Amino acid sequence: MREDGLVAVAHGSADPRAAAAIGELVPLVARRADKRGLSVPNLRVAYLGHAAPSVPQVMRTFGPDARVTVLPLLLTAAYHSKTDIPRVLARTGVRVRYGKPLGPHPLLLRALERRLPGTAFEIPAETGVVLAAAGSSDPEANATIARLAARWQVRTGWFAVRPAYASAATGGQGGTAGPDPATAVTRLREAGARRVVVASYLLAPGLFADRIRDASLAAGAAAVSPVLGAAPEVADVVLDRYMEVRSRARAAA
């Protein structure tokens with residue numbers, strides 16, 4: 001099956017730390033591919049905005065007959081992955097195989113656990129955990145975070161795992177607004193959690209990561225984990241999504 005390139009599309013940020021994190025992730029994907037014996041041709045990164053290169057700039061580097069796999073480097077299926085990226089790609093004229101966002105995926109929970117203070121197994125049962133995401137205007141995307149928090153709680157047996165959203169978000173159930181991280185921390189403490197830690201469900205540092213950290217600590221959180229960044233689990237998820245696209249292409253051939 002012919003494959004001319006893999007383009008990973010990130011949201012982009014004016015904060016240079018975000019591009020630096022993505023810059024570390026891309027070569028890690030290549031190294032993890034080698035370790036798994038996978039061939040990933042011409043791996044490149046593009047940004048929807050605020051950083052270069054843009055999606056059109058990268059897609060123009062391929063010839064008119066190219067076949068390119070595009071993966072959204074996003075943690076939920078929301079407006080950017082459903083609408084923004086496909087619309088931009090349609091204007092490029094390049095034949096594209098489009099993959100799923102990174103999340104949800106079990107490996108992302110594993111990466112979150114590694115970034116919490118200590119290890120997941122060392123966190124006492126009376127500890128509450130806030131799963132803090134960016135938030136979306138898409139209710140289903142926020143409902144995905146809520147389901148992820150519920151599964152995480154069942155798996156770990158912690159006091160509670162509650163979702164929170166750094167931006168104004170519409171909840172997935174009944175259209176109610178999801179809590180911000182500070183509110184989620186406060187509610188867990190009021191509910192009896194002896195200690196509250198916050199897991200940053202973000203790919204790269206920037207405005208939302210800073211907002212989550214500062215607001216959560218001010219509300220009494222004991223610790224806030226760093227963003228996922230260039231974690232090996234994230235690189236493996238990128239490869240899994242890439243192989244899913246290839247499998248679909250083979251099945252359709």
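Q: Given that rings of Phe, Tyr and Trp (its six-membered ring) pair if their centres lie within 6.5 Å, with planes under 30 degrees apart counted as stacked, over 60 as edge-to-face and the rest as tilted, how many aromatic pairs does the structure hold?
A: A pair of aromatic rings is described by the distance of the centres and the angle of the planes. The structure holds one aromatic pair, formed by Trp-152 and Trp-158, whose centres are 5.2 Å apart and whose planes make an angle of 70°, which is edge-to-face. This is a predicted model, in which local features need pLDDT of at least 70 and side-chain atom pairs count only at pLDDT 80 or more, while totals for chains, interfaces and linings use all residues. Residues are numbered from 1 along each chain as its sequence is written, and side-chain values use heavy atoms, with hydrogens and water left out.

Q: Are Trp-152 and Trp-158 buried or exposed?
A: Buried means under 20% relative accessible area, exposed means over 50%, and partly exposed covers the range in between, with a 1.4 Å probe and protein chains only. By that rule both Trp-152 and Trp-158 are buried.

Q: In which order do the strands of the sheet that holds E1 and E2 lie?
A: Strands of a sheet pair through backbone hydrogen bonds, either parallel or antiparallel. Here the helices (H or I, at least four residues) and strands (E, at least two) are DSSP runs numbered from the N terminus, and two strands pair if DSSP finds at least two bridges between them. On that basis, four strands form an open sheet in the order E2-E1-E3-E4, with parallel pairing. Its edge strands, each pairing on one side only, are E2 (43-47) and E4 (95-98). The twist averages 30° from one strand to the next.

Q: How many bridges join E1 to E3, and which residue in E3 stands opposite Val-7?
A: E1 and E3 run parallel and are joined by five bridges, with Val-7 standing opposite Val-70. Five bridges also join E1 to E2 in the parallel sense, and in E2 the bridge partner of Val-7 is Arg-44. Between E3 (residues 67-72) and E4, four bridges join strands that run parallel, and Arg-67 stands opposite Arg-95 in E4.

Q: Why is E1 described as largely enclosed by the rest of the structure?
A: Six of the six residues of E1 are buried, so the strand is largely enclosed by the rest of the structure. Gly-5, Val-7 and Val-9 point one way from E1, whereas Leu-6, Ala-8 and Ala-10 point the other way, and all are buried.

Q: Which strands does helix H1 lie across?
A: Contact means heavy atoms within 4.5 Å, and axes are lines fitted to C-alpha atoms, for helices over the stretch in contact, with angles from 0 to 180 degrees between N-to-C directions. Helix H1 (residues 16-35) lies across E1 (5-10) and E2, running at about 160° to E2, and helix H8 (residues 232-252) lies across E1, E3 and E4, running at about 135° to E3. A crossover is right-handed if, with the strands pointing away from the viewer, the path from the first strand over the helix to the second runs clockwise; E1, H1 and E2 make a right-handed β-α-β unit of this kind.

Q: Which residues does Leu-89 touch, not counting residues up to four places away in sequence?
A: Leu-89, which lies in helix H3 (residues 79-92), is buried with a relative accessible area of 7%. With that exclusion, Leu-89 touches Val-55, Met-59, Val-70, Val-96 and Tyr-98. Leu-89 and Val-55 are 34 residues apart in sequence and 7.5 Å apart in space, C-alpha to C-alpha.

Q: Over which ring does the charged end of Arg-44 sit?
A: A charge sits over a ring if NZ of Lys or CZ of Arg is within 6 Å of the ring centre and within 35 degrees of the ring normal. The charged end of Arg-44 sits over the ring of Phe-62, 4.4 Å from its centre.

Q: Where does Pro-53 lie, and what is the omega of the peptide bond from Ala-52 to Pro-53?
A: Pro-53 is found in the loop between E2 and helix H2 (55-59), and the bond from Ala-52 to Pro-53 is cis, with omega near 5°. The bond from Gly-103 to Pro-104 is likewise cis, with omega near 0°, and Pro-104 lies in the loop between E4 and helix H4 (106-115).
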